[in-house]
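Reader: Please take a close look at one side-chain contact in this model and at what surrounds it. State the cut-offs as you go.

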Amino acid sequence: MSSTAAFYLLSTLGGYLVTSFLLLKYPTLLHQRKKQRFLSKHISHRGGAGENLENTMAAFQHAVKIGTDMLELDCHITKDEQVVVSHDENLKRATGVNVNISDLKYCELPPYLGKLDVSFQRGFRVGEAV
């Protein structure tokens, strides 16, 4: 490698490292910090999937009752264009039937199982709240 090529390589690498360090340390050099319109301290994922049967009204009502700031849910569309609240597109985990929501009409959807595995906590199952 010639000395000119080595110089360009080292100066480019050095410039990259210095720029990366500066932007990591001072991110507002390029972009101003966004003003938060809403500060959420507690988000109930799937309505509190570890506490109640996920994505059910019981789960959402419980989350609101304990003071959650935000409810998180996922929606999918059925074959007849109805909106379904479900974390998974495939219903195998929630109903035991290996089918996608988009392949069924709303009236064909199978019922939820009485207990569901909580996917972010292996071996943990949650049943419907009383």
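Author: The side chains of Asp 88 and Arg 93 are joined by a polar contact of 2.7 Å. A polar contact is a pair of N or O atoms within 3.5 Å; within protein, one must be able to donate a hydrogen and the other to accept it, and residues adjacent in sequence count only if both atoms are side-chain atoms. This is a predicted model, in which local features need pLDDT of at least 70 and side-chain atom pairs count only at pLDDT 80 or more, while totals for chains, interfaces and linings use all residues. Residues are numbered from 1 along each chain as its sequence is written, and side-chain values use heavy atoms, with hydrogens and water left out.

Asp 88 sits in the loop between strand 4 (83-85) and helix 3 (92-95). Helices (H or I, at least four residues) and strands (E, at least two) are DSSP runs, numbered from the N terminus. Asp 88 counts as buried because its relative accessible area is 19%; buried means under 20%, exposed over 50%, and partly exposed in between (1.4 Å probe, protein chains only). Not counting residues up to four places away in sequence, Asp 88 touches His 76, Arg 93 and Ile 101, where contact means heavy atoms within 4.5 Å.

Ile 101 leads on to the largest nonpolar core, which it makes up with Val 84, Leu 91, Val 99 and Leu 104, 5 residues in all. Such a core is a set of buried Ala, Val, Leu, Ile, Met, Phe, Trp, Tyr and Cys residues joined through side-chain atoms within 4.5 Å. In soluble globular proteins, nonpolar side chains tend to be buried together. Val 99, one of the core residues, is in contact with Glu 89, Asn 90, Leu 91 and Leu 104, leaving aside neighbours within four places in sequence.

As for the whole protein, there are 3 helices and 6 strands, in the order α-β-α-β-β-β-α-β-β along the sequence. Of the 130 residues, 22% are buried. Among contacts with a separation of 6 or more, 44% are between residues 24 or more positions apart.

Confidence should be read alongside this. The mean pLDDT (the predictor's confidence in each residue, from 0 to 100) is 84 for the protein, and 87% of residues reach 70 or more. Confidence is highest in strand 3 (residues 75-77), at a mean of 96, and lowest in strand 6 (residues 125-127), at 61.
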